[in-house]
Amino acid sequence: MKTIFEKNNNSGICLTDEIEDLSFLNSAFLRKEACNIPQVGELEVLRHYKELSDRNFCIEKGFYPLGSCTMKYNPKVNELLASLEGHTNLHPLMSDEDSQGALQLMYNLQEALKKITGMDAITLQPAAGAHGELTGMMIVKKYFEVKGDKRTKVIIPDSAHGTNPASAHMCGFEIVSVKSNAKGQVDIDALKEVLDKDVAAIMMTNPNTLGIFEENVLEISKLMHDNGSLLYYDGANYNAIMGYTNPKLMGFDVVHLNLHKTFATPHGGGGPGAGPVGVVEELREFLPAPVIDFDGEMYYRNYNIKHSIGSVKSFYGNFGVLVKAYAYILMMGTNLKNATEDAVLNANYLKEKLKKYYDLPYDEPCMHEFVLSGERQKHDYGISTLNIAKRLMDENTHPPTVYFPLIVHEAIMIEPTESETKARLDEFADVMIKIAKECERDTEKVLSAPHNTPVKRVDETLAARHPDLKYTEQ
């Protein structure tokens with residue numbers, strides 16, 4: 001496929017015949033040669049970008065079992081509602097009086113998320129999941145500062161979500177890791193060993209990144225609260241518990257949600273996202289300002305928050321994402337629980353079909369995702385998990401998350417989501433079984449994959465360290 005530069009045929013549209021007088025500019029800042037911008041007609045531009053889009057893999061093209069990321073189908077009606085003129089043309093600096101529809105929508109979304117999480121107050125500001133984590137940990141830090149209680153440590157299980165340590169560290173906390181037990185859950189004895197009066201909080205994902213529910217979460221909650229510490233809930237895996245339980249019932253004080261995962265707004269391609277944060281009553285006065293409130297007559301942005309950590313996102317978050325998530329919640333209603341049921345069923349179904357062909361380090365009932373290991377294939381045939389992932393690309397399937405969580409060697413994390421049919425799950429299982437057999441009988445086929453993708457094998461290390469992003473005319 002040619003680049004847009006190579007398709008240059010000088011047939012672009014000239015919008016004016018005027019020659020601009022640039023004498024008022026410093027000549028040092030003017031080009032000495034013409035800018036190398038391709039001149040291509042509108043039809044050729046359309047064809048070029050259509051060709052590029054056809055090379056991309058997307059949820060509409062095939063199966064996307066990307067573990068811990070909930071790459072599920074996003075109903076197109078969400079896009080329609082977010083693109084309504086009243087939503088897209090509303091300026092973020094308009095007054096509250098002239099923004100009542102948008103403010104009411106956000107207020108209603110806050111109320112829905114409070115009911116879903118059990119929390120007492122919500123902010124919609126954070127722009128994505130990790131941003132929500134950072135916001136939550138800033139609240140934790142400010143809470144102890146106001147109390148005059150100097151706490152310097154945050155405990156993070158080795159099965160927690162990957163960005164947790166970075167979020168806590170950015171807030172100045174020292175990271176203390178706690179190991180998992182034989183069931184893939186937080187080791188209570190190990191937790192007790194590191195729990196002291198310097199600990200501000202524990203950051204947990206439940207179910208954790210192994211897809212296993214933390215059975216001892218209430219005991220953990222009691223240990224932390226008895227120590228004067230807080231519990232932070234990472235909502236990356238909320239697709240596994242929605243409608244069945246919530247962080248408040250588990251004893252958590254702070255939670256972030258990924259609207260661009262659990263609540264079916266587009267995820268991937270760099271954004272946008274939304275990572276609302278919910279807190280218990282004791283932490284309400286620490287939320288970012290403003291929050292959306294209602295006085296019985298008018299919806300308004302409330303900046304009067306006593307110990308607010310300040311604004312964390314301009315213009316109160318990614319409004320288009322909030323619209324899509326609210327539409328999804330309204331459409332699903334009480335059937336949000338069904339999404340959880342199907343997600344958990346689909347994951348357990350695949351786990352049982354595949355555990356004979358790949359190692360299953362933690363053979364426990366899983367929630368919405370599970371983690372296999374390619375250790376057998378690596379040891380017996382010299383085929384790594386990365387090779388298996390590349391072979392999957394030949395089968396109209398996006399590779400799942402690999403090499404995470406770190407506590408599983410040659411990890412293959414699979415999350416089918418609730419939006420896939422049994423037939424599609426069976427197709428995926430058949431492909432994974434076929435690849436497992438190829439590892440035994442046709443090793444080179446797996447080692448040299450992918451074979452039918454636009455880009456074949458690349459040197460990932462070289463590409464990461466020396467990216468070449470500039471077009472050079474040959």
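## Ground rules

Since the model is predicted, local features need pLDDT of at least 70 and side-chain atom pairs count only at pLDDT 80 or more, while totals for chains, interfaces and linings use all residues. Residues are numbered from 1 along each chain as its sequence is written, and side-chain values use heavy atoms, with hydrogens and water left out.

## Overall build

The protein has 16 helices and twelve strands. These are DSSP runs numbered from the N terminus: H or I with at least four residues for helices, E with at least two for strands. The C-alpha trace spans about 75 × 70 × 45 Å along its principal axes.

The radius of gyration is 25 Å, which agrees with the value near 23 Å that a compact globule of 474 residues would have. That radius is taken over C-alpha atoms, and the globule rule is 2.2 Å times the number of residues to the power 0.38.

## The seven-stranded sheet

Seven strands line up in an open sheet, ordered S1-S7-S6-S5-S4-S2-S3, with mixed pairing. Its edges are S1 (121–123) and S3 (174–178), each of which pairs on one side only. Two strands count as paired if DSSP finds at least two bridges between them. On average, neighbouring strands here are turned by 20° against each other, direction ignored.

Helix H5 (residues 129–147) lies across S2 (153–157), S4 (199–205), S5 (230–235), S6 (254–257) and S7, running at about 170° to S5. Angles like this one run from 0 to 180 degrees between N-to-C directions, and axes are lines fitted to C-alpha atoms, for helices over the stretch in contact.

## The three-stranded sheet

There is also an open sheet of three strands, in the order S10-S12-S11, with antiparallel pairing. S10 (370–373) and S11 (401–402) are the edge strands, each pairing on one side only. Four bridges join S10 to S12 (residues 411–414), and Phe-370 has Ile-414 in S12 as its bridge partner.

## Two helix pairs

H4 (residues 100–117) and H10 (residues 319–332) pack at about 55°, with axes 10 Å apart. That makes H4 oblique to H10; the cut-offs are under 35 degrees for roughly parallel, over 145 for roughly antiparallel, 65 to 115 for roughly perpendicular, and oblique for the rest. Their crossing is left-handed, a label used if the near helix is turned anticlockwise from the far one by less than a right angle, with clockwise giving right-handed. Contact means heavy atoms within 4.5 Å, and the residues meeting here include Leu-105, Leu-109 and Ile-116 in H4 and Phe-319, Tyr-326 and Ile-329 in H10. By class, the contact of H4 with H10 has twelve nonpolar, one polar and no charged residues. For these classes, Ala, Val, Leu, Ile, Met, Phe, Trp, Tyr, Cys and Pro are nonpolar, Asp, Glu, Lys and Arg are charged, and the others, Gly among them, are polar.

The axes of H11 (residues 336–354) and H14 (residues 422–441) come within 10 Å and cross at roughly 30°. That makes H11 roughly parallel to H14. H11 passes H14 in a right-handed crossing. Among the residues that meet are Asn-346, Tyr-349 and Lys-353 in H11, and Lys-422, Asp-426 and Phe-428 in H14. The contact of H11 with H14 divides into eight nonpolar, one polar and three charged residues.

Most residues other than glycine have a negative phi, and most peptide bonds are trans. A cis peptide bond joins Asn-206 and Pro-207, with omega about 0°, and Pro-207 is found in the loop between S4 and H8 (217–226). Ala-289 and Pro-290 are also joined by a cis bond, again with omega about 0°; Pro-290 is in the loop between S7 and S8 (291–294).

Tyr-316 is not a glycine, yet has a positive phi of about 55°. The place of Tyr-316 is in the loop between S9 (299–302) and H10.
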